[in-house]
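Hi,

Here is the structure I promised to pass on. Have a look at it first, and then read my notes below.

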Amino acid sequence: MDFDQYDVSVKHILGGLFETTSNSWHGYNICIPESKFYYIEGGEIIVQTDQETIVGKPGDLILIPEKTTHSFFLSQSQYAKKYWCHFTLRSKGEDFFARFD
């Protein structure tokens with residue numbers, strides 16, 4: 001497959017592994033200029049947007065497109081271990097995920 005025709009670019013902004021048992025990990029009505037994902041390794045997290053509530057469990061990958069207003073916090077398990085990454089993904093200069101709205 002010839003990927004050059006899609007003119008895709010990815011830029012890693014920030015990322016890492018995060019583990020917590022503290023309910024101080026949360027954010028409400030957050031809107032950031034880049035996309036992000038969480039890959040859940042252990043525990044549970046909740047991500048809410050205007051359209052849905054996602055309960056992330058081990059093995060889940062949660063994608064939050066750029067400029068999506070969302071909230072995130074621990075579930076009642078009060079434990080989470082996740083990989084996370086903030087990034088931009090562009091196709092022909094536009095946000096790649098915008099085509100899926």
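Of the 101 residues in the protein chain, 34% count as buried, where buried means under 20% relative accessible area, exposed means over 50%, and partly exposed is anything in between (1.4 Å probe, protein chains only). Before you go further: this is a predicted model, in which local features need pLDDT of at least 70 and side-chain atom pairs count only at pLDDT 80 or more, while totals for chains, interfaces and linings use all residues. Residues are numbered from 1 along each chain as its sequence is written, and side-chain values use heavy atoms, with hydrogens and water left out.

The overall picture comes first. The protein chain has 0 helices and 9 strands; these are DSSP runs numbered from the N terminus, with helices being H or I of at least four residues and strands E of at least two. Its C-alpha trace spans about 45 × 25 × 20 Å along the principal axes. Taking contacts (heavy atoms within 4.5 Å) between residues at least 6 apart in sequence, 74% join residues at least 24 apart.

Now the aromatics. There are 6 aromatic pairs in the structure. Rings of Phe, Tyr and Trp (its six-membered ring) pair if their centres lie within 6.5 Å, and planes under 30 degrees apart count as stacked, over 60 as edge-to-face and the rest as tilted. One of the pairs is F18 with W25: the ring centres are 6.0 Å apart and the planes sit at 40°, so this pair is tilted. F18 is partly exposed at 28% relative accessible area, whereas W25 is buried at 13%.

Y38 and F72 make an edge-to-face pair, with 6.3 Å from centre to centre and 70° between the planes. Y38 belongs to strand β3 (residues 35-43) and F72 to strand β7 (residues 70-74), so the pair ties together parts that are 34 residues apart in sequence. Both Y38 and F72 are buried. Together, F18, W25, Y38 and F72 form one aromatic cluster.

And what is on the surface? L17, Y39, L61 and Y83 form a nonpolar patch there, with about 390 Å² of accessible area together. Patches take residues with over 30% relative accessible area and no salt bridge, joining like charges within 9 Å and nonpolar side chains (Val, Leu, Ile, Met, Phe, Trp, Tyr) within 5 Å; a salt bridge is a side-chain nitrogen of Lys or Arg within 4 Å of a carboxyl oxygen of Asp or Glu. Accessible areas come from the Shrake-Rupley method with a 1.4 Å probe, and for residues only the protein chains shown count as cover. L17 sits in strand β1 (residues 8-20) and, at 47% relative accessibility, is partly exposed.

Cheers
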